[in-house]
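Subject: Structure handover

Hi,

Here is the structure I promised to pass on. My notes follow below it.

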Amino acid sequence: MNPEPTIDAMRTAAQALSSGDTREKLHAVQAAQDALDAAKAVLLAELQAAREFELDGASTLNTWVRNQLRLNAGQATRLVRNVNALRDLPLVAEAATTGRISAAHVQVFVYGLAHVGLEPMREYEEALVTIACERDPDELFDAVKRLKDRTHPEDLDDAWRGGMEKEDFAVDALPEGWHVSGFLNTLTGLKLKKVLDSVSAPHDAEDTRTGAQRRVQGLDDLLSSILGNGLPSDKGVRPHMSVFVDAETVEAAAERVRQDTEHPHRVPDPMPVTEPATLAGHGAIGPHLLMFLFCMSGITGFVRDQDQVLNVGRTKYEPNLKQRKAVLARQKGICAAPGCNHTHLEVHHSVWWSLGGSTDLDQLVGLCVRCHHLVHRGLLHISGDAVGGFVFADRYQRPIRRRRRTGYRRAA
């Protein structure tokens with residue numbers, strides 16, 4: 001290694017530090033730091049070639065860097081990878097050792113060697129070094145990525161096909177909210193980003209919300225708009241968020257919220273032991289969230305011995321809104337089919353309307369779309385058990401005995 005470029009960078013830094021211009025000092029210090037990073041990588045290349053790291057009992061160069069230079073695994077790996085770029089790309093090495101490009105720039109060249117190839121990187125090395133000297137590492141990466149796309153267009157289709165295979169999207173309930181995870185293909189992801197960018201745009205110059213706050217609020221506004229107009233699968237009936245709670249729990253929750261509000265620093269009195277409120281599709285919720293939902297919601301009460309009030313016989317095929325709510329309340333918002341946990345429900349006549357069934361509550365059952373299809377394909381059978389519940393059977397009329405937490409009685 002020729003030490004002169006690094007020594008020159010250090011000398012320039014020393015001269016700048018003795019001057020009074022803070023900006024020149026910072027430029028010089030950064031250049032010296034970049035030159036030292038490059039010098040370190042070049043020296044490591046020499047150490048690797050001679051395998052002298054073994055003299056200190058290290059089996060690999062990476063191990064030697066961690067042990068002797070006291071760097072963590074990530075830092076050591078990045079430093080060792082930079083060795084290859086400085087060895088294979090002389091113009092990059094010269095720019096790095098003189099402090100004209102940083103270690104972050106060198107890492108982009110490492111990416112190029114791995115994903116573009118040595119020959120194309122050497123062919124465009126001069127142009128890429130010019131970009132690196134004038135632009136930040138992100139802009140250099142964009143240039144190397146464009147070169148990769150031009151050199152290996154087949155990788156673009158491979159990535160697209162790979163993305164299709166990785167598709168997944170899940171929304172899972174947690175005690176503190178919902179966890180959204182997944183992977184979207186190119187087109188679906190772009191559609192989602194376009195929508196989120198539109199609904200999360202700042203309202204005006206005075207909008208001080210963070211990007212995360214704007215995205216979440218924008219998504220909430222969009223979902224409220226969609227649900228307010230009814231989903232196609234619900235035949236235009238506006239979907240409802242259902243909370244199931246006993247009157248005693250409401251009273252206890254209201255008292256707890258009152259105590260917390262009036263005496264925020266006092267330990268609240270113990271709440272009576274009551275069944276917690278349940279948010280359909282999520283699970284148990286606490287008193288503060290329950291009271292918040294009460295403030296913004298309409299309330300429909302159901303008395304267990306008044307089911308007949310909701311019966312309309314053969315006068316109407318479509319269950320009305322109150323009947324739908326009663327079915328959801330009875331099943332806690334969960335599909336009635338044994339073993340199914342889905343919560344988007346359609347109301348089904350257990351005795352088919354075409355076979356003389358009536359739109360009475362004791363003949364209405366909530367099923368998810370998939371289980372509803374199984375019924376109409378003859379793969380799942382439902383019948384009343386004469387005591388207000390339903391019995392499920394498979395295509396061979398064998399009872400499905402698994403119990404569920406829906407309030408339905410199963411065959412013994």
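**Hairpin, cavity and sheet**

Strand 1 and strand 2 form a hairpin, with 2 residues between them. This is a predicted model, so please read everything below as computed from it.

**The cavity**

How many cavities of 30 Å³ or more does a search of the whole structure find? The search finds 1. The volume of the largest cavity is about 50 Å³. Its lining is made up of Asp34, Asp37, Ala38, Ala41, Asn82, Leu86, Ala96, Ala103 and Val106. By type, these lining residues divide into 6 nonpolar, 1 polar and 2 charged.

Three helices each supply at least two residues of the lining: helix 2 (22–50), helix 4 (73–88) and helix 6 (103–115). The largest share, 4 residues, comes from helix 2.

**Helix 2**

Helix 2 has 29 residues. From its first C-alpha to its last it reaches 42 Å, close to the 42 Å expected at 1.5 Å a residue. Its buried residues are Ala28, Ala32, Asp34, Ala35, Ala38, Ala39, Ala41, Val42, Leu44 and Leu47. Among them, Asp34, Ala38 and Ala41 also line the largest cavity. Just after helix 2, Arg51 takes a positive phi of about 55°.

**His105**

Is His105 buried or exposed? His105 lies in helix 6. It has a relative accessible area of 7%, under the 20% cut-off, and therefore counts as buried. The His105 side chain makes a polar contact with the side chain of Ser102, at 2.9 Å. Helix 6 also contributes to the cavity lining, as noted above.

Strand 3 and strand 4 (residues 277–279) run antiparallel and are joined by 2 bridges. There, Phe244 has Thr278 of strand 4 as its bridge partner.

Best wishes

Methods:
Residues numbered from 1 in each chain as written. Predicted model: local features only at pLDDT ≥ 70, side-chain atom pairs only at ≥ 80, totals over all residues. Heavy atoms only, no water. 1 Å grid on protein atoms, 1.4 Å probe; cavity = no way out; pocket = protein on both sides within 12 Å on 5 of 7 lines; lining within 4 Å. Points joined across faces, edges and corners; volume = space filled by probe spheres on them. Nonpolar A, V, L, I, M, F, W, Y, C, P; charged D, E, K, R; others polar. Expected span 1.5 Å × (residues − 1). Buried < 20%, exposed > 50% of the residue type's maximum accessible area, 1.4 Å probe, protein only. Pairing = 2+ DSSP bridges. Polar contact = N/O pair within 3.5 Å; in protein donor to acceptor, adjacent residues only side chain to side chain.
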